[in-house]
Amino acid sequence: MQNYYYLSHSGDGWQNLALDEWILDHLEEDELFLYFYINHNAVIIGKNQNPWRECDLDAMDCDGVQLVRRVTGGGAVFHDAGNLNFSFIAGKGRYDVEKQFGVILQAVRSLGIECEFSGRNDLLANGCKFSGNAFCQRGNICQHHGTLLVSADMTRLQNYLQVDPRKLQAKGVTSVRSRVCNLSELRTDLTVPMVLRAVVQSFGRVYGDYTSWEPTAEDQAQIDAYHRKHRSWDWRVGRTPQFDLELDTRFDWGGVQLLLRLSEGKIVRAEVYSDAMDAELPEVLRGLLEGERLGSQTLAQAVGRAENPQLQDIARWLSSEKL
């Protein structure tokens, strides 16, 4: 049972997320890894988001902002040097979300800032969100990664998003801004290195001894392959498929966009995009739709067979569409 710690110094979003995924694929079941990284200038989108729809790619190119796609679900965020990112990766037997959140909460409290866990994914201080989190699992290895807003520029994301007005109506732009904060607003001398030290110290108190990890030459060769994937156009953007019908809507748990390719009245291909936290939802939904005949009730019945609250919502929505 080994604990590892590593801090990336690259500042490159593609490199940092590549290593995040490599660890997920190569960790042993009895090991636990705490990985930190900082992306200097990047928009990070969820695994299942459509960047053509979500992002102003021209503005990002003009400003030298990286488009980075993570392997977990959820929506888009902007990362700069004021945002410290952490990733807990562990085998199922050692993976404990409550304990992992405890490391972060204990660290922030040690800096003199009261904080708490809220809902499924957020950490709050003074009623404001300073950390959002996402999760995934591959085989018997689980990942929990998140952000720590220390002194981030929270005005820049809006420069690079093409925001669905329904999302703004559902969340309320003013209220969302007021509910998100930097930790430096609550302690003015706070810096990213101070927060990093506090979390590492908390990690040691909670988990005991740990080893500082460094990649071997063999590791680095494998990581380089992941880097090529993460910086590739296909992974980050991908080709928008030809489609005959587009359907989209928004639920309180996230938005769904369906691009359907039809042949002789049947769905021969379905592309599903979503900012839902459930990273597997689009793949499941695609499997339920492909091969079905186009029709409101037919599709609603196909999707409604699954005992999943989100799929039940989608089924009700499809039943109301005039297809």
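**Helix packing and burial in a predicted model**

Modeller: The buried residues of helix α13 pack against β12 (245–251), β13 (254–263), α11 and α12, where contact means heavy atoms within 4.5 Å. The model is a predicted one, in which local features need pLDDT of at least 70 and side-chain atom pairs count only at pLDDT 80 or more, while totals for chains, interfaces and linings use all residues. Residues are numbered from 1 along each chain as its sequence is written, and side-chain values use heavy atoms, with hydrogens and water left out.

Biologist: Which residues of α13 are called buried?

Modeller: They are Q310, L311, D313, I314, A315, W317 and L318. Buried means under 20% relative accessible area, exposed means over 50%, and partly exposed lies in between, with a 1.4 Å probe and protein chains only.

Biologist: How do you know that the end-to-end span of α13 agrees with its number of residues?

Modeller: Helix α13 (residues 309–320) has 12 residues, which at 1.5 Å a residue should span 16 Å, and its end C-alpha atoms are 17 Å apart, so the two values agree. The expected span is 1.5 Å times one less than the number of residues, and the helix itself is a DSSP run (H or I, at least four residues; strands are E, at least two), numbered from the N terminus.

Biologist: What makes α12 roughly antiparallel to α13?

Modeller: The axes of α12 and α13 come within 8 Å and cross at roughly 175 degrees, which makes the pair roughly antiparallel. Angles over 145 degrees carry that name, those under 35 count as roughly parallel, 65 to 115 as roughly perpendicular, and the rest as oblique. The axes are lines fitted to C-alpha atoms, for helices over the stretch in contact, and the angles run from 0 to 180 degrees between N-to-C directions. In this contact, S296, Q297, L299, A300, V303 and G304 of α12 meet L311, Q312, I314, A315, L318 and S319 of α13. By class, the contact of α12 with α13 has 7 nonpolar, 5 polar and no charged residues, where Ala, Val, Leu, Ile, Met, Phe, Trp, Tyr, Cys and Pro count as nonpolar, Asp, Glu, Lys and Arg as charged, and the others, Gly among them, as polar.

Biologist: Why is α11 called oblique to α12?

Modeller: The axes of helix α11 (residues 281–289) and helix α12 (residues 296–304) come within 9 Å and cross at roughly 130 degrees, and that makes α11 oblique to α12. The contact is made by L285, L288 and L289 of α11 with L299, A302 and V303 of α12, and its residues are 6 nonpolar, no polar and no charged.

Biologist: Why are α4 and α8 oblique to each other, and which residues of α4 and α8 meet?

Modeller: Helix α4 (residues 97–110) and helix α8 (residues 192–207) pack at an angle of about 130 degrees, with their axes 8 Å apart, and they are therefore oblique to each other. K99, Q100, G102, V103, I104, Q106, A107 and S110 of α4 meet A198, V199, S202, F203, R205, V206 and Y207 of α8. These residues divide into 8 nonpolar, 5 polar and 2 charged.

Biologist: How do you know that α1 is largely enclosed by the rest of the structure?

Modeller: In α1, 12 of the 14 residues are buried, so the helix is largely enclosed; among them are W14, L17, D20, E21 and W22. Helix α1 (residues 13–26) reaches 20 Å from its first C-alpha to its last, close to the 20 Å expected.

Biologist: Why does I223 count as buried, and which residues is I223 in contact with?

Modeller: I223 lies in helix α9 (residues 217–231) and counts as buried because its relative accessibility is 2%. Leaving aside neighbours within four places in sequence, I223 is in contact with Q15, A18, L19, W22, W213 and P215. The C-alpha atoms of I223 and D20 are 9.5 Å apart, although the two residues are 203 apart in sequence.

Biologist: Why do N126 and E264 count as exposed, and what is the phi of each?

Modeller: Most residues other than glycine have a negative phi. N126, in the loop between β8 (122–125) and β9 (128–138), has a positive phi of about 55 degrees, and at 64% relative accessibility N126 counts as exposed. E264, in the loop between β13 and β14 (266–274), has a positive phi near 50 degrees, and at 76% E264 also counts as exposed.
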